[in-house]
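Dear colleague,

Please find the structure below, together with its sequence.

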Amino acid sequence: MGRQTGAEALAALAEERVDHRFKGLPPDADGLTVAELAAQRRNLFRAADGFTTPVLALSAERLEHNLALMETYTVRHGLAFAPHGKTSMAPQLFRRQIEHGAWGITLAVPHQVRVARAFGVRRIFLANELVDASALRWIAAELAADPEFHFVCYVDSVRGVELMDAALHGSGRPVDVVVELGAGDGARTGVRTEEECLAVAAAVAAVPTLRLVGVAGYEGEVPEADPQRVAAYLRRLTALAASLDEAGRFADAEEIVVSAGGSAWFDTVAEVFGELPALSLPVLKLLRSGAYVSHDDGHYRRLTPFARVPEEGALEPAFRLWAEVVSRPAPGQAFANAGKRDAAYDLDLPTAQVLRRDGAERPATGVTVTGLSDQHTWLRTGPEADVEVGDWIGLGLSHPCTSFDKWQLIPVAEADGTVVDYIRTFF
């Protein structure tokens with residue numbers, strides 16, 4: 001039997017059986033397929049429907065809003081879009097992103113590429129250096145087996161080129177690479193100077209296993225980032241593309257890739273990429289923002305470019321973690337049954353948003369999250385707080401990358417709590 005097609009693999013997710021592996025789902029759903037459970041349209045908040053706390057949910061309406069907004073934004077600014085899949089590692093969301101016009105999916109490590117390939121993603125941008133020999137041989141085999149597979153990854157050193165060439169010796173199609181320009185001293189990966197970039201490009205040109213197709217970087221690593229510093233770095237990146245083109249380093253390419261864009265500065269990426277002069281080949285201006293798909297209630301709510309350019313629209317936080325108040329040991333204190341195993345906490349603590357009791361929802365007035373244990377949320381309650389044991393509390397999360405990874409199967413709920421789908425993640 002041959003390998004499943006991407007469509008078959010996605011369809012198979014609906015046939016997976018619900019069981020103890022998946023947190024928050026109704027115990028009486030064990031043995032049902034995901035499709036059967038979704039067809040029942042159970043409600044998160046109806047006790048008879050059996051959802052248990054803690055349970056993470058995605059808003060169906062807000063998820064669709066965010067997908068559509070970034071599609072229109074990238075089209076408006078003449079950008080191709082390869083959203084970073086590490087955020088969700090959810091092939092169902094990859095599919096929806098591609099249906100909303102994405103060129104392909106960005107990923108960070110070989111395992112993530114394998115997941116995307118298993119679910120039929122044809123265009124993958126690996127925003128990282130790749131020098132692992134086993135992974136490179138697997139990539140070469142994928143390229144040989146599928147003429148429609150388009151793969152691009154970073155390179156930032158002559159040594160890296162040598163290791164890639166050794167691993168790929170004797171392979172068929174060359175692996176496409178882009179020179180990564182570092183965002184400054186003390187930043188993450190990437191070549192630090194233009195002179196070193198030229199040396200790396202020359203090393204790529206000297207081996208048959210690689211093909212230089214462009215330049216890339218990550219402006220989120222610019223030290224003391226502000227609009228001026230970010231724009232200056234991005235202009236270095238576009239100038240590098242122009243100088244490598246003038247030197248003939250893209251002669252074997254079909255188009256020139258110029259890529260950047262996290263979730264905090266894509267407005268500046270759009271501005272600077274819009275200034276790029278004509279080059280000798282068509283240019284793929286590739287944006288890679290990923291956190292937009294769910295957005296959040298903290299880190300990205302503060303940093304999103306849409307806050308700086310409100311006329312472009314606004315992303316909406318699509319996550320909410322529901323927990324239950326299980327203890328009220330003192331007048332100013334309460335505890336809910338979600339913790340570090342369930343909620344993102346690396347950048348911001350969750351925020352108390354709403355409380356539910358007897359089918360009614362109200363703001364979580366006077367309730368503040370002060371800490372997380374492994375399985376508890378610490379809540380400080382002011383005198384105005386109306387909190388009882390048994391209340392459900394809805395928590396806003398920050399940030400997406402460490403929210404998705406704690407949940408294998410995530411309900412997608414409409415505004416009234418009706419669950420219409422389930423998103424499978426692969427971390």
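Asp49 is buried, with a relative accessibility of 11%, where buried means under 20% relative accessible area, exposed means over 50%, and partly exposed lies in between (1.4 Å probe, protein chains only). Its partner is Arg46, which is partly exposed at 44%, and the two form a salt bridge whose closest N and O atoms are 2.6 Å apart; the term stands for a side-chain nitrogen of Lys or Arg within 4 Å of a carboxyl oxygen of Asp or Glu.

This is a predicted model, in which local features need pLDDT of at least 70 and side-chain atom pairs count only at pLDDT 80 or more, while totals for chains, interfaces and linings use all residues. Residues are numbered from 1 along each chain as its sequence is written, and side-chain values use heavy atoms, with hydrogens and water left out.

In total, the structure holds 31 salt bridges. Another of them joins Glu312 and Arg76 at 2.3 Å, N to O. Glu312 lies in the loop between helix H11 (299-303) and strand S10 (319-330), whereas Arg76 belongs to helix H3 (residues 60-76), so the pair ties together parts that are 236 residues apart in sequence. Helices (H or I, at least four residues) and strands (E, at least two) are DSSP runs, numbered from the N terminus. Glu312 is buried at 14%, while Arg76 is partly exposed at 47%.

Finally, a network of salt bridges links Arg117, Arg122, Glu142, Asp146 and Glu148.

Best wishes
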